[in-house]
Amino acid sequence: MSAAEQLHRLSDSNTPLLRVEDLTRLYGPQKGCQGVSFELYPGEVLGIVGESGSGKSTLLSLLSGRCQPDRGAVNYRDHNGQWLDLYQASEAQRRSLLRTQWGFVEQSPRDGLRMGVSAGANIGERLMAQGVRHYGQLRAAGLDWLEQVEIDPARIDDLPKTFSGGMQQRLQIARNLVSQPRLVFMDEPTGGLDVSVQARLLDLLRGLVRELDLAVVLVTHDLAVARLLADRLLVMRRSEVVEAGLTDQILDDPQHPYSQLLVSSVLQP
Ligand SMILES: Nc1ncnc2c1ncn2[C@@H]1O[C@H](COP(=O)(O)OP(=O)(O)O)[C@@H](O)[C@H]1O
Ligand SMILES: [Mg+2]
């Protein structure tokens, strides 16, 4: 890497990818999310933890532009260094972001995969959205990504419904990462899986996140998952962030009484 490139990368990683200010959407008193502000840097994994109903998924829907806030703003710095005000952007712009520079890994692979088309087609779809039309190129990317997520490439023409839950989730990850997104949202990505399958998937995710230098907003109620993947955490309770900080600091020395309860596992998710 040249000195100029190094300098560019350094300044890039010192500028946030996402700026979130006073993000609020309420469905009722303390239902939803309110007053959430933070910055996310390139390559950083931000975990959002809190018990069920605390507003984690609402926050993720807002951040990814899937729903509109009552108030507040999200600004995203795109790969050209231009800032985009998410809620001022057109619906087409938001959809295009989600298909290219962003990814979204759903808790249930059924919501994130197209079950009626082959594994290879699931992976190729986002590349096609980016303009890749060459069959050989799409096929090669499919084979490569199946291998990266530890699925036998010989399954490339099989339908996802013939896959196990863990394989489906790995396919969903491949489908999202093939377009080289810079920012990926994940909602309980290991939620529905057996514990042994979860552990493998977490290892895989951790490797990919580092290798690809992905920025991730990860919703999880599982503090072990947060510990393994997240650099920083936001702790949510009843629609608000009650504590924010480095993962190790919060998990080893929680300051807010609610975080203390959460960490001591008194609260069952
Ligand atoms: N579309 C919606 N309509 C009405 N209420 C909602 C909607 N989405 C979420 N809520 C409510 O907002 C609160 C937070 O939900 P959610 O963000 O799904 O929490 P979590 O993901 O932390 O379990 C819950 O009380 C939920 O019932
Ligand atoms: Mg949720």
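**View 1. R19 has E39 of β2 as its bridge partner.** This is a predicted model, in which local features need pLDDT of at least 70, side-chain atom pairs count only at pLDDT 80 or more, and totals for chains, interfaces and linings use all residues. Residues are numbered from 1 along each chain as its sequence is written, while chains are lettered from A and ligands numbered from 1 in the order in which they are written. Strands (E, at least two residues) and helices (H or I, at least four) are DSSP runs, numbered from the N terminus. Strand β1 (residues 18-28) pairs with β2 in the antiparallel sense over 7 bridges; to pair, two strands need at least two DSSP bridges.

**View 2. An open antiparallel sheet has 4 strands in the order β2-β1-β4-β5.** Because β2 (31-40) and β5 (83-85) are at the edges with a single partner strand each, one side of each has no neighbour in the sheet.

**View 3. Helix α5 (residues 119-129) has buried residues, including A119, I123 and L127.** Buried residues have 20 or more other C-beta atoms within 10 Å of their own, exposed ones 12 or fewer, and partly exposed ones a count in between, with C-beta atoms placed from the backbone. The buried residues of α5 pack against α3 (91-99), α6 and α7; contact puts two such C-beta atoms within 7 Å.

**View 4. E150 has a positive phi of about 65° without being a glycine.** Most residues other than glycine have a negative phi. Look for E150 in the loop between α6 (135-148) and α7 (165-177). E150 is partly exposed, because 14 other C-beta atoms lie within 10 Å.
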